[in-house]
Amino acid sequence: MAKINLNYRKLSAGYLFPEIARRTNSFIEQNPGTEVIRLGIGNTTEPLTSYVLEGLHKGVDLLSNVATYTGYGDGQGRLKLRELLVDLYAEYGVAIDTSEIFVSDGAKPDAGNIQSIFGIENEIAVQDPAYPVYVDTNVIAGRTGAFNPELGLYEGITYMPCTEENHFFPAPPDKKVDLIYLCNPNNPTGLTATKDQIKIFIDYARAHKSIIIYDAAYAAFIKDSDLPRSVYEIEGADKCCIEINSLSKSAGFTGVRLGWAIVPKNLVAEDTTPGEINKLWNRRQCTFFNGASNIIQQGGIYALSPQGLKESAEMVNYYMENATIIREALIQLGMTVFGGDNSPYIWLKIPNQMDSWEFFNKLLKETRVLGTPGSGFGPSGQGYFRLSAFGHREDVKTAIERIKRNLDI
Ligand SMILES: *Cc1c(COP(=O)(O)O)cnc(C)c1O
């Protein structure tokens with residue numbers, strides 16, 4: 001008799017984004033002809049740059065000819081692509097080797113899959129609020145107890161609250177945990193931790209032989225040169241951190257799909273020698289994954305070349321100008337906002353003690369603007385609201401006009 005993985009039943013009802021879609025669709029049904037502006041899901045909106053397109057076209061053309069055709073490629077990704085990543089990290093002052101890079105189909109799959117190389121008994125800690133993938137994949141793997149709907153959290157996970165009091169960056173847990181997920185710049189709060197703040201976690205991880213899964217999906221949005229673009233800029237990180245990143249947000253690859261994980265040779269768990277975890281991840285990827293598309297990798301090679309990086313920096317600037325427009329308008333309205341200066345997310349403190357979903361409904365009803373309720377990212381997100389800077393400039397401006405004119409606060 002076939003049986004399902006019962007852990008799926010533990011997942012809390014209504015994953016955030018489907019719930020937003022449900023409410024939005026029902027609003028549009030009740031208000032036909034309404035034009036809703038979506039500053040909700042962090043999805044890119046601007047077309048790929050011309051150089052990346054050239055690379056993608058070239059990727060297709062290479063397959064058309066018997067002399068340049070390729071089938072399955074290197075399981076860790078094209079060497080050229082990994083060499084360009086080595087160059088990128090060198091600009092941050094970080095030395096990594098091509099053998100430590102694993103090209104993938106995105107940061108979300110890597111963030112979800114990485115837990116599978118660690119034992120079921122590992123204790124997990126996450127920032128609260130957090131990108132939902134870290135928690136949900138550990139629920140599915142069976143590392144947690146049940147969801148407690150009253151508290152809005154799972155038994156068996158250590159939540160590290162990120163609140164206004166701690167400037168939205170937590171202290172490490174006061175007990176031993178084994179795997180720690182950090183997202184920096186943070187989604188959803190839009191705040192970016194400093195090297196000193198991350199160093200405290202690295203010291204904790206080394207003292208407890210824990211491993212940090214460091215999601216740097218928004219590193220390219222950092223403007224302040226003192227803030228870390230890679231965790232390996234901080235001493236000791238190569239012994240305790242796996243870094244995950246992708247071209248999704250920085251080069252508009254959300255639908256194209258290309259990411260990478262860095263698993264340093266120096267990384268160790270309690271029961272491994274250096275190099276063993278790198279081999280485990282190789283084994284995992286070679287078993288479950290046959291490599292990123294060769295067409296897309298060619299696009300990635302162009303995206304990571306000097307011309308490609310220059311063009312994506314312009315795209316990042318475009319989104320960051322949106323962030324400034326949103327941020328400043330909300331401040332002018334007297335609202336308290338965080339983030340949006342080194343990341344594309346604005347974390348709004350909801351006025352008048354309203355809860356996150358109440359504000360979602362109010363904003364939709366009064367302004368037809370969509371955002372994301374902070375409580376959907378964890379209990380400490382209650383009372384907050386995330387606005388995304390991914391959108392066409394005209395839409396962002398219209399959204400801001402509507403908020404100024406129609407939001408009754
Ligand atoms: C968007 C995002 C990603 C990117 O995922 P991809 O699979 O590369 O598209 C990863 N982590 C966070 C926190 C994100 O917001």
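Guide: Before we start, helices (H or I, at least four residues) and strands (E, at least two) are DSSP runs, numbered from the N terminus. This is a predicted model, where local features need pLDDT of at least 70 and side-chain atom pairs count only at pLDDT 80 or more, while totals for chains, interfaces and linings use all residues. Residues are numbered from 1 along each chain as its sequence is written, and side-chain values use heavy atoms, with hydrogens and water left out.

Visitor: Okay, where is Phe168 found?

Guide: In the loop between strand 6 and strand 7. Phe168 isn't a glycine, yet its phi is positive, about 65°.

Visitor: Which peptide bonds are cis?

Guide: One joins Asp128 and Pro129, with omega about 10°. Pro129 sits in the loop between strand 3 (124-128) and helix 5 (133-141). Another cis bond runs from Asn184 to Pro185, with omega near -5°. You'll find Pro185 in the loop between strand 7 (179-183) and helix 6 (195-208).

Visitor: On to the ligand. Which residues come nearest?

Guide: Of the 15 residues around the ligand, Asp215, Tyr218, Ser248, Lys249 and Arg257 come nearest. A residue is near a molecule or strand if one of its heavy atoms lies within 4 Å of it.

Visitor: What polar side-chain atoms lie by the ligand's oxygen atoms?

Guide: Ser248 has one at 2.6 Å from a ligand oxygen, and Lys249 has one at 3.3 Å from a ligand oxygen. On the nitrogen side, a ligand nitrogen is 2.7 Å from an N or O atom in the Asp215 side chain. A polar contact here is a pair of N or O atoms within 3.5 Å; within protein, one must be able to donate a hydrogen and the other to accept it, and residues adjacent in sequence count only if both atoms are side-chain atoms.

Visitor: And how much of the ligand does the protein bury?

Guide: 94% of the 390 Å² that the ligand exposes when taken alone. Those accessible areas come from the Shrake-Rupley method with a 1.4 Å probe; for residues, only the protein chains shown count as cover.

Visitor: Which helix gives the largest share of the shell?

Guide: Helix 4, with 3 residues. Helix 4 (107-113) and helix 7 (248-251) each supply at least two.

Visitor: How do strand 9 and strand 10 pair?

Guide: Antiparallel, over 4 bridges, with strand 9 covering residues 241-246 and strand 10 covering 259-262. The bridge partner of Ile244 is Ala261 in strand 10. Contact means heavy atoms within 4.5 Å. Axes are lines fitted to C-alpha atoms, for helices over the stretch in contact, and angles run from 0 to 180 degrees between N-to-C directions.

Visitor: What about the sheet of 4 strands?

Guide: It's open and antiparallel, in the order 11-12-15-14. Strand 11 (336-339) and strand 14 (372-373) are the edge strands, each pairing on one side only. Strand 14 is joined to strand 15 (residues 384-388) by 2 bridges, and Pro373 has Phe385 in strand 15 as its bridge partner.

Visitor: Which strands does helix 11 lie across?

Guide: Helix 11 (residues 356-367) lies across strand 12 (345-349), strand 14 and strand 15, at about 45° to strand 15.

Definitions and conventions: Two strands pair if DSSP finds at least two bridges between them.
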